[in-house]
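Subject: Handover of a structure, with notes

Dear colleague,

I am passing on to you the structure that I have been looking through, and my notes follow below it. Please keep it open beside this message as you read.

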Amino acid sequence: MNPKKIKPTLKPQPVNLYKKIAISFVVMTGFLVLFVIYLSFGQAEIIITPVREPVEVNFIADLMPKEIGEGAGVVPGRITIPGRLNETVVSGSKEYEASGTKVIQEEVGGKVTIINNYSKVQPLVATTRLLSPEGILFRTKERVDVPPGGKVEVEVYADPPTGQAANLGPTHFTIPGLWSGLQDKIYGESYEKMRGGEREVKIVTQNDLDKAYADLTKNLSQGVIEEIKKEMEAAGEILGKVLITEILERKSNASPDDIKDKFIVTLKFRAVGVAFYRRDLESLAFTKLQSQVSEGKELVSVDFNNLSFVIERYDLKGKEANINVQLNGETVLKAESKILDKNNLIGKSKEEAMKYLLAFPEIQNVEIRLSPFWVRKIPKLKEHIEIIIKK
């Protein structure tokens, strides 16, 4: 009897296992896609408000009598600028207004007409008293003889010169020195207001004189530069400086506290003047200032309006001079500065990045904008980080 063959039965794999694997794959793929999206769309805009730091340069330039237009430059061991140098004597006078004031006390007085309605000549000595109805006393300045039935005008002054006396208008005067029976026949009359008393006047002050001399010096010095300009080509704005080497005359028709509305000052001096083109000096100074800017910073403003220079030494024979030049500007951080290296920012939260950046004294303020809305940290891709410097 042949044994019966039994076919082996295959045990089916559970369907749930495949489903779990598939779901896990989908989830992992989704996370991977989200991560890629996160990396691809995450952006950071970092706006830096830098501290504006002053920078200045001070150097000596040699003014050389080169042909105008050759430009400034550097001769081995020397910084040169083309220009002109002249020596001359200038003089001039100018009228100025006084600015000081003070109150002075002037004699209070005026004119009184003495009337004689008596039958005899009435002599009145100098200092004869005249009394107004208000009791204000005046005295005559000279002796007069008033004819009978006549009148004489006489100068009078107040005694004392009070403000009330200065304001006294036309009035009647009695002469208290006469016999009372004659006082109604011989008396005085004024027909105009008395003058004098306290009055404010203009005076010349020491400050007025100092300012006048300074202004006239400036005007005469500008004339020196104008003369030099005539020798130069009219191809641009010309700057100049004058060094006064000797004062030959310095006078005024007024002294401090003199009562004057206006006064005149006169000056005469020997001077050395130099002149050169503004563009040459500015170009030279800018180049020197740029060389003073620290690494990682850039020049953002230059104060050409306050570009200053003085004559330190001159050579009349060689027509050369040494010019001390000073120029100021301001610098700020550059986006390429090591301080702003993006490697130091990636992966940081907004708070961490701000704390890091604000620790540098060169930075005044920081604003960080992350996008899209779900981004909470600085992206890890440096090209997704934009640093903006507010200048």
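How many helices and how many strands make up the secondary structure of the protein chain? There are 5 helices and 21 strands, and please bear in mind throughout that this is a predicted model. Of the 391 residues in the chain, 36% count as buried, while the accessible surface comes to about 23,700 Å², with 53% of that area belonging to carbon and sulfur atoms. Where contacts join residues at least 6 apart in sequence, 74% of them are between residues at least 24 apart.

**The nonpolar cores**

The largest nonpolar core has 25 residues, and those with the most contacts inside it are Phe59, Leu63, Val274, Phe276, Leu281, Ile323 and Val325. Two or more residues each are given to this core by strand E2 (53-64), strand E4 (78-82), strand E16 (262-277), helix H4 (278-290), strand E18 (308-315) and strand E19 (320-333), and E2 gives the most, with 5 residues.

Not counting residues up to four places away in sequence, Pro54 touches Gly329 and Glu330. Pro54 and Val332 are 278 residues apart in sequence, yet their C-alpha atoms are 9.2 Å apart in space.

**Salt bridges**

A search of the whole structure finds 19 salt bridges. In one of them the side chains of Arg278 and Glu237 meet, at 3.1 Å from N to O; this pair links distant parts of the chain, with Arg278 in helix H4 and Glu237 in the loop between helix H3 (206-229) and strand E15 (238-252), 41 residues apart. Arg278 is partly exposed at 22% relative accessibility, and Glu237 is likewise partly exposed, at 49%.

Glu246 forms a salt bridge with Arg270, their closest N and O atoms being 3.4 Å apart, and here strand E15, which holds Glu246, is linked to strand E16, which holds Arg270, across 24 residues. Both partners count as partly exposed, Glu246 with a relative accessible area of 38% and Arg270 with 28%. A further salt bridge joins Glu249 and Lys251, with the closest N and O atoms 3.2 Å apart, while Glu45, Glu367 and Arg369 are linked in a network of salt bridges.

**A surface patch and a buried histidine**

On the surface, Phe41, Phe373 and Trp374 form a nonpolar patch with about 390 Å² of accessible area together. Phe41 belongs to helix H1 (residues 15-41) and is partly exposed, with a relative accessible area of 49%.

The side chain of His384 reaches the backbone oxygen of Gly42 at 2.9 Å.

With best wishes

Terms used
Residues are numbered from 1 along each chain as its sequence is written. This is a predicted model: local features need pLDDT of at least 70, side-chain atom pairs count only at pLDDT 80 or more; totals for chains, interfaces and linings use all residues. Side-chain values use heavy atoms; hydrogens and water are left out. Helices (H or I, at least four residues) and strands (E, at least two) are DSSP runs, numbered from the N terminus. Buried means under 20% relative accessible area, exposed over 50%, partly exposed in between (1.4 Å probe, protein chains only). Contact means heavy atoms within 4.5 Å. Accessible areas come from the Shrake-Rupley method with a 1.4 Å probe; for residues, only the protein chains shown count as cover. Patches are made of residues with over 30% relative accessible area and no salt bridge: like charges are joined within 9 Å, nonpolar side chains (Val, Leu, Ile, Met, Phe, Trp, Tyr) within 5 Å. A salt bridge is a side-chain nitrogen of Lys or Arg within 4 Å of a carboxyl oxygen of Asp or Glu. A polar contact is a pair of N or O atoms within 3.5 Å; within protein, one must be able to donate a hydrogen and the other to accept it, and residues adjacent in sequence count only if both atoms are side-chain atoms. A nonpolar core is a set of buried Ala, Val, Leu, Ile, Met, Phe, Trp, Tyr and Cys residues joined through side-chain atoms within 4.5 Å.
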